Amino acid sequence: MSIRTVKTTPFADQKPGTSGLRKAVTVFEQPNYLENFVQSVFDSLDGYQGQTIVLGGDGRFYNRTAINTILKMSSANGVGKVLVGCNGILSTPATSCVIRENGAFGGFILSASHNPGGPDGDFGIKYNIGNGGPAPEKVTEAIYAKSKQIQEYKILEASDINIDRPGFFKLGLMQVEVIDSVASYLKLMENIFDFDQIVDLIKSNSFRLCIDSMHAVTGPYAQKIFEQRLGAPVGTVINGVPLEDFGGGHPDPNLVYAHDLVEILFAQNAPDFGAASDGDGDRNMILGRNFFVTPSDSLALLTANAQLVPGYKAGLSGVARSMPTSMAVDRVAKRLNLPCYETPTGWKFFGNLLDDSRATLCGEESFGTGSNHIREKDGLWAVLFWLNILAVRRESVEAIVRQHWSEYGRNYYSRHDYEEVSSDRANELVNNLRLQLPSLPGQKYGSYQVEYADDFSYTDPVDHSVTNNQGIRIGFSDGSRIVLRLSGTGTKGATLRVYIESYEVDSSKHNLDTQKALATLIDIAQDLAKITYYTERQAPTVIT
Ligand code: VG1
Ligand code: CO
């Protein structure tokens with residue numbers, strides 16, 4: 001086996017977005033495209049030689065090809081050992097767990113998360129650092145800088161190794177250990193949650209649950225945890241076999257794309273609890289019987305009920321939410337006297353807060369929540385957290401949420417996505433709105449008065465790094481907000497996300513339809529940003 005040095009030329013478009021580099025599979029299939037990026041990662045790191053790295057993905061098309069390429073490049077670049085998930089499968093949270101458990105130098109996650117898969121779908125690659133979390137911006141910037149200068153990469157000439165079952169291999173001088181994809185993660189979950197109590201809940205005849213893995217990575221995890229370990233009946237996990245194209249679906253767990261689960265949970269005689277995972281298992285939509293839990297509310301509820309879970313009994317050090325996430329958790333934090341941080345969108349911004357013990361729980365409006373147990377958001381963790389709460393309280397999901405609203409008030413919240421719109425026009429929309437910002441404070445729109453209008457900028461309290469232009473916020477004097485930003489994970493055109501939030505303290509007004517409750521603010525967003533004009537769309541693609 002010899003190491004080959006291959007001449008290459010840079011690709012101009014290898015800048016990682018909100019969560020790694022995501023492109024159409026056809027882009028990744030170009031000769032040297034993946035290799036250039038992987039070599040740029042190695043070229044931007046110091047001290048990985050002889051160390052362990054972790055490698056796995058969500059099982060989508062191109063996963064196996066990429067794994068074999070990365071293994072050979074890791075060997076050629078002097079990595080000591082690679083821990084690779086069996087069949088190339090490791091959910092994003094499991095990768096974070098394995099990196100931390102083994103004191104690994106870092107890891108590669110092969111996923112485009114919620115983006116569709118298959119030969120005509122998307123692929124993605126993300127580098128995580130030694131704390132188990134996504135590389136912070138200074139690292140992704142360094143990778144991007146290297147990718148613009150790259151002239152050669154190194155790869156071992158060897159045949160592919162068999163990753164279909166656990167075992168040990170040698171690839172050049174490097175060791176490869178194919179690991180069980182689920183074991184470490186399950187052990188970690190058992191340390192956090194009261195599994196016995198959840199078993200009791202599931203055994204009680206009155207409780208039924210349904211977990212939709214959407215033919216993505218969580219299938220083997222969910223079957224092992226819910227059906228085998230916690231005793232839920234076989235068939236509790238639906239769409240549980242990971243498929244390279246996710247069965248043609250779109251593994252974005254929201255009310256539109258997770259329609260199988262929505263139909264089951266909103267039917268007559270529906271189960272008591274339902275959850276749907278995204279492609280790489282770091283996010284999960286939570287449903288009760290005929291009831292949708294807004295992710296922002298979920299974060300607030302987990303915070304308010306954390307003392308019911310063994311892993312958090314000792315208390316929380318603080319909480320953090322991404323800027324567009326509703327302010328429901330802020331109210332809980334205030335009552336519990338906890339610091340509450342507001343970060344830009346993307347899990348990489350929580351890493352320092354978790355490492356520095358400033359926050360214990362973190363969450364985003366996009367169905368991702370997590371804690372200091374790893375450094376990624378964690379979909380099945382959120383499901384187990386909910387089940388642990390239900391096992392203790394023995395009330396319905398709806399009753400628990402309604403009781404929370406009556407105690408803290410309700411943050412009506414919705415996100416409107418306009419997908420695959422023209423990038424030029426989306427940028428014009430944002431620029432046009434930016435120009436208006438200085439003149440907005442004080443303006444009145446019906447009963448709403450603008451209190452502040454800015455483009456969100458974040459200073460990390462730990463390393464003091466500054467991140468600008470993270471979304472336009474328009475805040476009103478009654479605490480309502482409109483936020484607009486462009487997605488950093490899409491691969492076709494631009495996706496405009498509009499986030500709308502209002503706060504209602506009066507519990508006699510907690511039964512409104514969300515879109516109706518937010519109708520005036522939705523109209524104000526339309527007027528200010530001229531959404532129909534710029535997007536050339538009459539309505540959003542997805543409303544959650
Ligand atoms: C989206 C979500 C964001 C999430 C990111 C990665 O980003 O809004 O909250 O962190 O996806 O999640 P954007 O830039 O498209 O709004 V995942 O599960 O795709 O890794
Ligand atoms: Co994801």
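Predicted model: local features only at pLDDT ≥ 70, side-chain atom pairs only at ≥ 80, totals over all residues.
Q: Which side chains place a polar atom beside an oxygen atom of ligand 1, and at what distance?

A: A polar contact is read from the distance between two N or O atoms, which must lie within 3.5 Å. For Thr-18, a polar side-chain atom is 2.5 Å from an oxygen atom of ligand 1. The side chain of Arg-485 has an N or O atom 2.7 Å from an oxygen atom of the ligand, and for the side chain of Asp-282 the corresponding distance is 2.8 Å.

Q: Which residues coordinate the cobalt ion (ligand 2)?

A: One looks for donor atoms around the metal and then for their places in the sequence. The cobalt ion (ligand 2) is coordinated at 2.0 to 2.1 Å by Ser-113 through OG, and by Asp-278, Asp-280 and Asp-282 through OD. The spacing of these donor residues in sequence is S-x164-D-x1-D-x1-D.

Q: Why do Asp-278 and Asp-280 count as buried?

A: A residue is called buried when its relative accessible area is under 20%. Asp-278 counts as buried because its relative accessibility is 0%. Asp-280 also counts as buried, because its value is 4%.

Q: How many aromatic pairs are there, and how is the pair of Tyr-62 and Phe-123 arranged?

A: Two numbers describe such a pair: the distance between ring centres and the angle between ring planes. The count comes to 19 aromatic pairs. Tyr-62 and Phe-123 form an edge-to-face pair, with 5.2 Å from centre to centre and 90° between the planes. Tyr-62 lies in the loop between β3 (52–57) and α3 (63–76), while Phe-123 belongs to strand β6 (residues 122–129), so this pair ties together parts that are 61 residues apart in sequence. Both Tyr-62 and Phe-123 are buried. The two residues also belong to one aromatic cluster with Phe-11, Phe-28 and Tyr-33.

Q: Where does the charged end of Arg-410 sit?

A: Here one asks whether a charged group lies over the face of a ring. The charged end of Arg-410 sits over the ring of Trp-405, 3.9 Å from its centre. In another case, the charged end of Arg-331 is placed over the ring of Tyr-503, 3.3 Å from the ring centre.

Q: What surrounds His-510, and is this residue buried or exposed?

A: Location, accessibility and contacts are read together. His-510 lies in the loop between β26 (494–504) and α16 (514–517). The residue is buried because its relative accessible area is 3%. A polar atom of its side chain lies 2.8 Å from the backbone oxygen of Glu-504. Beyond its neighbours within four places in sequence, His-510 is in contact with several residues, including Arg-402, Trp-405, Arg-410 and Tyr-412.

Key. Residues numbered from 1 in each chain as written. Chains lettered and ligands numbered in written order. Heavy atoms only, no water. Helix = DSSP H or I, 4+ residues; strand = E, 2+ residues; numbered from the N terminus. Buried < 20%, exposed > 50% of the residue type's maximum accessible area, 1.4 Å probe, protein only. Polar contact = N/O pair within 3.5 Å; in protein donor to acceptor, adjacent residues only side chain to side chain. Contact = heavy atoms within 4.5 Å. Phe/Tyr/Trp six-rings, centres within 6.5 Å; stacked < 30°, edge-to-face > 60°. Lys NZ or Arg CZ within 6 Å of the ring centre and 35° of its normal. Donors = N, O, S within 2.8 Å, 3.2 Å for Na, K, Ca; no water.
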